[in-house]
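Here are a few exercises to work through with the model open beside you. Try each task before reading its solution.

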Amino acid sequence: MSIVFKYMKPYTPMMFFVVALLTVEAVLALLLPGYMADIVNDGVIPGHLPVIWRSGAIMLVLTMLSMGCALITGYFTAKTATGVANDLREAVFKKVLRFSSAEINRFSTSSLITRTTNDIMQIQNTLMMAIRQLIYTPILGVGGLIRALDRSASMAWIVGLATFIMVGLMVVLFIVALPKFKIWQDLIDRLNLVSRENLSGILVVRAFSTQAFEKKRFEQANRNLSSIERFVGYTFAFMTPIILLIFNLTTALIVWVGAGQVSALRADVGDIFAFLQYGMLIIFAFLMIAITFIMVPRAAVSARRVREVLEAEGTIRYKENPTPMPADFKGIVEFKNVSFRYPDATEGEENILDDISFTAHPGQTTAIIGATGSGKSTLFKLLLRFFDVSAGAVYLDGIDIRDLHKEALHSKIGYVPQKASLFTGTIQSNLLYADKEATQEKISTATEIAQAAAFIADKPDGYGENVAQGGSNFSGGQKQRLSIARALVKDASINLFDDSFSALDLKTDAQLRAALKDKMGDRTTLVVAQRISSIMQAEQIVVLDGGKIAGIGRHEDLMHTCEIYREIAASQLSEEEVGG
């Protein structure tokens, strides 16, 4: 829970104010039984009405003051708890934004969502209850014990016995239930994972008629979670009747013993009434503390999970004093003896990339082709520093990218990912995502190059057309062209196209490549492609095979010198094209 205390520091002045008010509220609550005793002893029994009216009026004023304190402390308690939760969510979100792909894979997307939502909500709910109960109820309990002893010390053993039994019960329940809370949160992660996969892959599920399988998978995850929740629920549900039984037995015992003392003239009736109320306050205080501690173990598990995210050491380290980007930046990209393996790879596992060396120059298109799994997209991830190289280095204009600031590096690169990702909003807002200050002329130029201008013009609202979640109201080709246009709006010196033309028909593909060459020909362009027809005109083609370079050159040269390239060409091109 140390992470919670850290984020509570900005609210320290507010907490002091809450503590003061809770102390006043507890003191007021402790005064009421005394006045009740005075009403019985000095008012009811002697038949003295002025005492009854005076003491009753004082009790009414004390009650109103106590209510006012409760309302104010409730407001500031909620403000503190929600403020801490807000700060934690913001901190986790910012931390996740800085994660490399390695950290995302380590925690998993579903777990990060759970930690940002459910875990922090558990902390917020527990904090809201704990601020009040861990301050107010101990004062109430200790004060009640002192006042009870003052009224009748001979009956203190009754409250002591009830308290001892309740504490023992709480200890047993916590020993039984505590280990289950970690499992509980992990099972929520699992349920979120299954739900997320099912919803995101609903079309695939329907296409393969695997609804029954997915239903069983969800039912299993749901059943496991329900089982652990049921166990914890049953455990603490058992506590409620036991506490009520202790509560009622204590009341009966106080009345029975007190009646005997009144009969023996060793105590006044009013004192027994007061002792009974103080006894109930003491038991109530322990009950509230117990209920709070029921929530604390689960909140502690949630806090530990949130802390794991906030304290996660990133595999990508940026220098405190990075090398400044040169003013005359050209955009020369060089991979020099680059090898890569994933950070969590086991010992002896082969590299994903091995000894990769090539240079991409401005004004040229460098294409990367190879079989699936040969490491094509990984090259882009290394250039963007989503991962760091295991050996060798990647250079921009002769500067190791590890020496550059993250923002400086990314400001020079326009990136189109393998899977086109659009955000909820409008076409305009998605295009402005690359450059919020972009003019409409710049946006129009980018959409024309990306061959998106025509279908945007056909939309009823044009650039204001709504984009549904994930761009689901656009076809694959339209999403791909909008994704390309977004990268071009950035107007970067280096453009990376990660298999970004795969959803385009051959005609649109050719038109887009021609427009890129005409309008963006002075930029450094790197293209990952599956179709040779998309890269035949590239000035440099890098052929990958099993993470190694199998050949580098132009199309014509590779057809004579690279067997892997010839095999790819033979599988895609006609005999005339292969022969040519």
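**Exercise 1. Is Phe-231 buried, partly exposed or exposed, and which residues does Phe-231 contact?**

Step 1: Phe-231 has a relative accessible area of 34%. Buried means under 20%, exposed over 50%, and partly exposed in between, using a 1.4 Å probe and protein chains only. So Phe-231 is partly exposed.

Step 2: Phe-231 lies in helix α8; helices are DSSP runs of H or I with at least four residues, strands are E runs of at least two, and both are numbered from the N terminus.

Step 3: Look for contacts, meaning heavy atoms within 4.5 Å. Setting aside neighbours within four places in sequence, Phe-231 is in contact with Val-176 and Lys-180. Phe-231 and Val-176 are 55 residues apart in sequence, with 9.9 Å from C-alpha to C-alpha.

A word on the source: this is a predicted model, where local features need pLDDT of at least 70 and side-chain atom pairs count only at pLDDT 80 or more, while totals for chains, interfaces and linings use all residues. Residues are numbered from 1 along each chain as its sequence is written, and side-chain values use heavy atoms, with hydrogens and water left out.

**Exercise 2. Describe the surroundings of Thr-77.**

Step 1: Find Thr-77 in helix α3. Its relative accessibility is 5%, so Thr-77 counts as buried.

Step 2: Check the side chain for a polar contact (a pair of N or O atoms within 3.5 Å; within protein, one must be able to donate a hydrogen and the other to accept it, and residues adjacent in sequence count only if both atoms are side-chain atoms). The Thr-77 side chain reaches the backbone oxygen of Thr-73 at 2.6 Å.

Step 3: Leave out residues up to four places away in sequence, and Thr-77 touches Val-18, Met-128 and Ile-131.

**Exercise 3. Which residues have the most contacts inside the largest nonpolar core, and which elements supply that core?**

Step 1: A nonpolar core is a set of buried Ala, Val, Leu, Ile, Met, Phe, Trp, Tyr and Cys residues joined through side-chain atoms within 4.5 Å. The largest one has 72 residues, and Val-4, Val-84, Leu-88, Phe-236, Met-239 and Leu-310 have the most contacts inside it.

Step 2: At least two core residues each come from α1 (2–8), α2 (12–44), α3 (49–97), α5 (109–151), α6 (156–200), α8 (211–263) and α9 (269–310). The largest share, 16 residues, belongs to α9.

Step 3: Zoom in on Val-84. Beyond its neighbours within four places in sequence, Val-84 is in contact with Val-4, Tyr-7, Met-8, Tyr-11 and Leu-127. Apart from this core lies another, of 44 residues, including Ala-367 and Leu-512.
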